[in-house]
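Please keep the sequence and the model open while reading.

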Amino acid sequence: MTAPETPSRRWSLRVLLLIAVIAAGVAGVRYDRQLKRELARLETELIAERSVAARLMNQHDAVLAPRVAELERQQQQLAVRVDAGRATAQRAAAEYLLLVAAERAQLSGDLDGALSALALADAQLSALREPRLNPARAAIAAERAALQALPRADRSALALSLSALIERAPQWPLAASVPMPFEPSKLPPAVAATTGDADWPARVWTSMKTALAAVFVLRRDEASVRWLPPEQRVLSAQILLLRLEGARLAALSGDGAALRAQCRSALDALAAHYKSDDADVVAARIELERIAALELNPKLPALGRSLDTLRALP
């Protein structure tokens, strides 16, 4: 059994509880003050750190800002130099292409090559986008117009026309062949009857006439007929085909002088070894004469004004 709780004991418990509460309150107040002091210290340190950081940033900006500005200035200068170098290179390329155009026109007679070089030179100058180069571009345009106005033969059409002649050439009639050795013809029936029935003076006279007829033969000389042995007929046909094939190759390669020479040789072969009155031969001669008269490589104008204009510009 527990002892009964007396009034004095109850008061002791209350006092102890009050003391504990007061002690806890005092401890709480002290801890709160300590926390406040710690927070104040941390704020002070944070402010100091921010001040140091700001000072370092200012120092960093003071040191790096000139360097950054210098790098930007050098970068701008480098960009200007690169642009200037690119412009110089493109202008030099345009001058070189104009030189190539003049060489192709004056030395090689290459119309297509000269036009291509002029077009490339104009493209180089156009990429620069500089109005001060417009006089040079205008001179290039004038030279291109002058070249494009020149007469130009259709090489493909010429090659096809010559190919058609090559296909038809084996069917063209050659000149007459050499005739076979003369064989005396048989006696007419009346002469044969006379030799059988007449007396001997008549038979002698008839025999003499027959012998003389076998020795002396009268033939008509046709000056227009050119006699060819069989082997020369084959050779003449092959020569004509070679001439026509040479003309076709010359047309494809754009060699006007060779084309005219091969066509003239083919015409000479037709005149020498083929029938001049045949319709196919006559048509072939007309076509070859037409092709030989074409100007496959017209004389090109001198190209130099555009280059002189470009070199004179600043």
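This is a predicted model: local features need pLDDT of at least 70, side-chain atom pairs count only at pLDDT 80 or more; totals for chains, interfaces and linings use all residues.

What follows is a set of questions and answers on this protein.

Residues are numbered from 1 along each chain as its sequence is written.

Me: How many helices and strands does the protein have?
Reply: Helices (H or I, at least four residues) and strands (E, at least two) are DSSP runs, numbered from the N terminus. Along the sequence the pattern reads α-α-α-α-α-α-α-α-α-α. The count is ten helices and zero strands.

Me: What percentage of the residues of the protein count as buried?
Reply: Buried means under 20% relative accessible area, exposed means over 50%, and partly exposed lies in between, with a 1.4 Å probe and protein chains only. The protein has 314 residues, and the buried share is 22%.

Me: Among contacts between residues at least 6 apart in sequence, what percentage join residues at least 24 apart?
Reply: A contact means heavy atoms within 4.5 Å. Of the contacts between residues at least 6 apart in sequence, the share joining residues at least 24 apart is 78%.

Me: R91 is buried, so which side chain of opposite charge is nearest, and how far away is it?
Reply: Lys and Arg count as positive and Asp and Glu as negative, with His and the chain ends not counted. A salt bridge needs a side-chain nitrogen of Lys or Arg within 4 Å of a carboxyl oxygen of Asp or Glu. R91 has no salt bridge, and the nearest side chain of opposite charge is E95, at 4.3 Å.

Me: Which backbone oxygen, besides that of L310, lies 2.8 Å from the side chain of R91?
Reply: R91 lies in helix α1, residues 7-108. Its side chain reaches the backbone oxygen of L310 at 2.8 Å. Leaving aside neighbours within four places in sequence, R91 is in contact with residues including L128, R132 and L313. A polar atom of the R91 side chain also lies 2.8 Å from the backbone oxygen of P314.

Me: What is the relative accessible area of A105?
Reply: A105 lies in helix α1. Not counting residues up to four places away in sequence, A105 touches A114, L300, P301 and L303. A105 is buried, and its relative accessible area is 6%.

Me: Within what arc do the buried residues of α3 fall?
Reply: The expected span of a helix is 1.5 Å times one less than its number of residues. For the 15 residues of α3 (residues 134-148) that gives 21 Å, which agrees with end C-alpha atoms 21 Å apart. The buried residues are A136, A139, I140, E143 and L147. Seen down the axis, by the directions from the helix axis to the C-beta atoms, the buried residues of α3 line one face, as they fall within an arc of 100°.

Me: Which exposed residues does the face of α4 turned away from its buried side carry?
Reply: The buried residues of α4 (residues 155-168) are L158, A159, S161, L162, L165 and I166. Seen down the axis of α4, they fall within an arc of 160°, so they line one face of the helix. The face turned away carries the exposed residues L160 and E167.

Me: Which residues does S161 touch, not counting residues up to four places away in sequence?
Reply: S161 lies in helix α4. S161 is buried, with a relative accessible area of 17%. The residues touched by S161 are E287, R290 and I291.

Notes. Side-chain values use heavy atoms; hydrogens and water are left out. A polar contact is a pair of N or O atoms within 3.5 Å; within protein, one must be able to donate a hydrogen and the other to accept it, and residues adjacent in sequence count only if both atoms are side-chain atoms.
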